[in-house]
Amino acid sequence: MKKILQLALGILTSVGGFFDIGNLVTAMQAGASFRFQLLWTLLLGTVICIFLVELSGRFAAVSQKAIPEAVREHFGFKVWIVPFLVLVLVHMMTIAAEIGGIAFAAQLLTGIDFRLWAIPAAIMVWLLLWRATFSGVEYSAAILGMITLCFVFGALRQHAPMNELLAGAQPTLPHKDEAAQYWFIAVSIIGALIAPYLFYFYSSGAIEDRWDETYVWVNRGVSFAGMSFGALISIGALVVAALVFEPRGIRVDSINQAALSLTEAFPFWGYALFALSLGVACVGATVEVTLSLAYLTAQTFGWRWRENEAPYANSRFAAVYTGALLIGGIVMSSGIDPLKLTLITVATNAAVLPIVSIPFLLMMNDRRILRQHANGIFSNTFMVVIVLLTLLLAVVSIPLLVLGG
Amino acid sequence: MSSLLLAVAVAHCSGNDAKEVTAQLETVSSWTATLQLIAESWLDNRVPVSFVSRSTDEAARRLKTAEQALEKLEGVPRALQTEARLGVRHAREAARALSIAAAARDTLQARAYAHQLDILGARMEALKKRAQALQ
């Protein structure tokens, strides 16, 4: 019974954690610029995400170790330090972008400049991390995250054409003139969906929640149902943008434009629903990315780490998330456009994906650690395909950012 | 006659500059349509005045950037450049006027600007298509 409850809560949590400013912005850009043509990238990214999340959860449940900890032990600190520094940079960019999302949501709701909200937003997240336990943080983000389902209801209310949606699920090539932008958005969608923090947070969370080998099926259910449910919200955002912006020729270059996306489906509440969804999704994501950075750092250096324990018991762990939030808040209060930073961040996510995927391939075949839970032929074949795809994304993402972004 | 002159002038435009003009006109069209949607949304009580003020400010800034980019294109025929810049200027003026009308709760003026933006949007769209044809 306890496991079934954990499965249900895990699915809800995944929704809260899956959808963030990167998913929102890239899905809306895709819908506004290419209607449903890029739906297939969302589906592809979700399948990869489900697969990698399942691996990270299985690894943690069976080995009682999070991925960075295991990689450091397996390959040594000297090998891990460079990927670690790159991941720290990506995490920091993501934290700043998510704080920007919270601040922009506050601007939409209050009319006060988002720069003035950046530091208070960082302090609010810090208080949440400082005071709450892991479960408290996880479940409050999950329950509040349900508001983002308004994008799905918005798409349903606007009667999205099913035949066009099905056509969009099949990969198609863009018009020659739009190729750079098309591929840039495609790569960005995948970069936003397969954000590195998701796997480090998830595997560390499994240890915080005391998962063991008996939780392997719970992990499978959470990763499949939770990520699929989360992807549904991204699809909702893409569809709403396709129906509202594309016919008018509006490209989403700013969050102010995106804020109009729900005003047709929900004339009275649409604007407020968008602002609340953006704010809540970004609070949930900031919490997860910040914790992921603290986990990553603590596991790399072999420090004590537990969000479930008081901050003074894990002082270096708490110092990492405190510093990260402070830096993120300061960066956003300087007035950087959250949307631009988000686009750069998701492109960078895509560029560093091999750092995430290659250790997975190696660690998941270690039968000394995983015994009968190690990867089989099917998983390994799929994993090799993912590694090759991430290598391709790593090569093309930054040039596409320059050409198409 | 003016369309014919414009078409002849545009034919001299180099490929790269034609691409750049198209890209800038796409931005202008997108923001003009955004302004129109903002106006309609405010008139239907779907967005607050503070949002109209901030979003129209942003639209004006983006349009100014597009105007400056259009000015810098040396290989663009003057007739095309002039018409595009004039359109951008009108859109910027409409953005400012819309913000003032919303602040004053003047729905009649806002409705007039929404209509003006609709016409301007169609003009920009037509101009964009002509520039696209050159590539």
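Predicted model: local features only at pLDDT ≥ 70, side-chain atom pairs only at ≥ 80, totals over all residues.
A salt bridge joins A:Arg251 to B:Glu26, with 3.2 Å between the closest N and O atoms. Polar contact, with both residues at pLDDT 80 or more, is found for 10 residue pairs between chain B and chain A.

On the side of chain B that touches chain A, the elements giving two or more residues are α2 (15-43) and α3 (49-72) of chain B. The largest share of that side comes from α2(B), with 10 residues.

## Extent of the interface

Chain A brings 23 residues to the contact and chain B brings 20 residues. About 1900 Å² is buried between chain B and chain A, and carbon and sulfur atoms give 52% of this area. Of the area that chain B buries against chain A, 34% is supplied by B:Leu37, B:Arg46 and B:Arg54, more than by any other three residues.

## Nonpolar patch on chain A

A nonpolar surface patch of about 570 Å² is made by A:Phe75, A:Val79, A:Ile358, A:Leu362, A:Val384, A:Leu388 and A:Leu391. Two or more residues of the nonpolar patch come from each of α17 (353-363) and α19 (377-404) of chain A. With three residues, α19(A) gives the largest share of the nonpolar patch.

One of the patch residues, A:Val79, lies in helix α5 (residues 77-110) of chain A. A:Val79 counts as exposed because its relative accessibility is 51%, and the cut-off for exposed is over 50%.

Terms used: Residues numbered from 1 in each chain as written. Chains lettered and ligands numbered in written order. Heavy atoms only, no water. Patch = residues over 30% accessible without salt bridge, like charges linked within 9 Å, V, L, I, M, F, W, Y side chains within 5 Å. Areas by Shrake-Rupley, 256 points an atom, 1.4 Å probe, with all protein chains shown as cover. Salt bridge = Lys/Arg side-chain N within 4 Å of Asp/Glu carboxyl O. Helix = DSSP H or I, 4+ residues; strand = E, 2+ residues; numbered from the N terminus. Buried < 20%, exposed > 50% of the residue type's maximum accessible area, 1.4 Å probe, protein only. Contact = heavy atoms within 4.5 Å. Buried area = accessible area lost by both parts, 1.4 Å probe. Polar contact = N/O pair within 3.5 Å; in protein donor to acceptor, adjacent residues only side chain to side chain.
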